[in-house]
Amino acid sequence: MRIDSIKDGIVIDHITAGKAMQLYQMLKLDRLDCQVAIIKNAASKLHGKKDIIKIDSSIEINLDVVGYVSPHATICIIRDGVVNEKKHLELPHTLTDIISCKNPRCITTTERGIQQIFELSDPEKGEYRCAYCDTKAENK
Amino acid sequence: MRNLIKILDLSVEEIDEMIAVADDIMAHPENYYEACKNKTLATLFFEPSTRTRLSFEAAMLGLGGNVLGFSEASSSSATKGESVADTIAVVGGYADIIAMRHPKEGAPMVASMHSSVPIINAGDGGHFHPTQTLTDLLTIHHEKGRFDGLTVGLCGDLKFGRTVHSLIEAMSRYPGVKFVLISPEELKVPSFVKQTYIKDKGIPYKQSTSLEEVIGELDILYMTRVQRERFFNEEDYLRLRDCYILTQEKMQLAKPDMIVMHPLPRVNEISTLVDDDPRASYFRQARYGKFIRMALILKLLKEAENNEN
């Protein structure tokens, strides 16, 4: 399979296999005009399989979204066809306006203009809890 | 700005200091008659709670301060669709400190993010009720004389019972404490609370569905009401509301120095015949609530003043 190499853009590599579409949606990549390639189930020496997203434009990526969905992903910034910068991610301590609380008793369900804030409560399990009501976030 | 949203906002040392102040207020109330002169407490009760609201108001009046507020959402601008943030921004211009009860979990935290004056959480849904926990701690201090080495039995609705969760959090910080959790399957302590404040800390605990089987082990029996307002389904409430009733017969199985606590109001989970038992502490507990709230108001107002200076 051939995907044209990027001159100026971003490659999100080492995405947990099966998570690329979720990332695509949460990063709102469907709103971009440029080429975006999603490669599913690419070979990975570490994990057997991985997903990759290639974006043919230098956009701002919300690193917390990527870290939340796939904490082992890497982000490569491509300039003039070469890797200019590589970022390794980890689970963010706080998620702001990335996921929303499903507890019907939570104030976030009624208060207008409120930020959805989740905090990492268990780094080993990758578990987040709503900062307002402590309800556990639903599985990713 | 220093607020009280959850009991863990206060260190063990700060709680000890507040208990000492509450003791002093009880012994010498006249020394505090003007401690909050020209200060105003706003009691914003978006959910009715006569007992807690009156306790706050009695506390502020006992300190020589003023009180304003509302006792249910229907008499506030919330019915017109006003947000918590806007209400707090307005009331902060009229009051020096705000005690707030709200049916939505996390509402006091939202208030604290928009407030220019200290916020006290007077209960947010089934989430937290830290001033009840302070009341419980002052009660235990007076009735048992210590916090460490106690076996604490919690009975009834341990799932939605916010006072239970907060008391577990608070007592888990003292050495030698054991918990006995008595509830029907449907109303067990949430796994997050159990994991974080009991299991992860290596605290011994036992779960039981029978009060009779474990009451003899307890130093404290903390009874709770199954709260109708926490259920979405009336059938579930009716099925579970009478699962534990403390009677004189069950009290005969308890230690002679065990104390019975209850955040009140009681429905029928404690027989009125138990009220005359000297081990029944719940009415004394309600009285302690006023004094620890006085100590809390003093502390938060003092810290707010120090911040301004």
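**Note on a predicted two-chain model**

1. Chain A and chain B bury about 1,500 Å² between them, with 56% of that area on carbon and sulfur atoms; buried area is the accessible area (1.4 Å probe) that two parts lose on being put together, summed over both. By class, the side of chain A that touches chain B holds eight nonpolar, three polar and five charged residues. In this classification Ala, Val, Leu, Ile, Met, Phe, Trp, Tyr, Cys and Pro count as nonpolar, Asp, Glu, Lys and Arg as charged, and the others, Gly among them, as polar.

2. This is a predicted model, in which local features need pLDDT of at least 70 and side-chain atom pairs count only at pLDDT 80 or more, while totals for chains, interfaces and linings use all residues. Residues are numbered from 1 along each chain as its sequence is written, chains are lettered from A and ligands numbered from 1 in the order in which they are written, and side-chain values use heavy atoms, with hydrogens and water left out.

3. The contact between the chains draws 16 residues from chain A and 20 residues from chain B, where contact means heavy atoms within 4.5 Å. Across this interface of chain A and chain B there are zero salt bridges, a salt bridge being a side-chain nitrogen of Lys or Arg within 4 Å of a carboxyl oxygen of Asp or Glu. Nine residue pairs (both at pLDDT 80 or more) are in polar contact across the interface of chain A and chain B. A polar contact is a pair of N or O atoms within 3.5 Å; within protein, one must be able to donate a hydrogen and the other to accept it, and residues adjacent in sequence count only if both atoms are side-chain atoms.

4. Chain A contains two helices and eight strands, and its elements run β-α-β-β-α-β-β-β-β-β from the N terminus on. Helices (H or I, at least four residues) and strands (E, at least two) are DSSP runs, numbered from the N terminus. Along the principal axes, the C-alpha atoms of chain A fill a box of roughly 50 × 30 × 25 Å.

5. The domain assignment divides chain A into domain 1 (9-88) and domain 2 (94-130); such bounds come from an automatic or database domain assignment. The centres of domain 1 of chain A and domain 2 of chain A, taken over C-alpha atoms, are separated by 24 Å. Five residues of domain 1 of chain A are in contact with five residues of domain 2 of chain A.

6. Between them, domain 1 of chain A and domain 2 of chain A bury about 400 Å², 78% of it on carbon and sulfur atoms. A:Met26, A:Asp64 and A:Tyr68 supply 84% of the area that domain 1 of chain A buries against domain 2 of chain A, more than any other three residues. The count between these two domains of chain A is zero for salt bridges and also zero for residue pairs in polar contact (both at pLDDT 80 or more). Helix H2 (residues 63-69) of chain A gives the largest share of the side of domain 1 that touches domain 2, with three residues.

7. Chain B has 11 helices and nine strands, and its C-alpha atoms fill a box of roughly 55 × 45 × 40 Å along the principal axes. With 309 residues, a compact globule would have a radius of gyration near 19 Å, and the 19 Å of chain B agrees with this. The radius of gyration is taken over C-alpha atoms, and the globule rule is 2.2 Å times the number of residues to the power 0.38.

8. Chain B is divided into domain 1 (7-128 + 289-308) and domain 2 (130-285), whose C-alpha centres lie 25 Å apart. Their contact takes 29 residues from domain 1 of chain B and 25 residues from domain 2 of chain B. These two domains of chain B bury about 2,300 Å² between them, 62% of it on carbon and sulfur atoms. In domain 1 of chain B, B:Ile7, B:Leu8 and B:Phe128 lose the most area to domain 2 of chain B, together 27% of what that side buries.

9. Across the interface of domain 1 of chain B and domain 2 of chain B there are zero salt bridges, whereas six residue pairs (both at pLDDT 80 or more) are in polar contact. On the side of domain 1 of chain B that touches domain 2 of chain B, H1(B) gives the most, with eight residues.

10. B:Arg225 lies in the loop between strand E8 (220-223) and helix H9 (234-240) of chain B. The side chain of B:Arg225 reaches the backbone oxygen of B:Pro265 at 3.2 Å.
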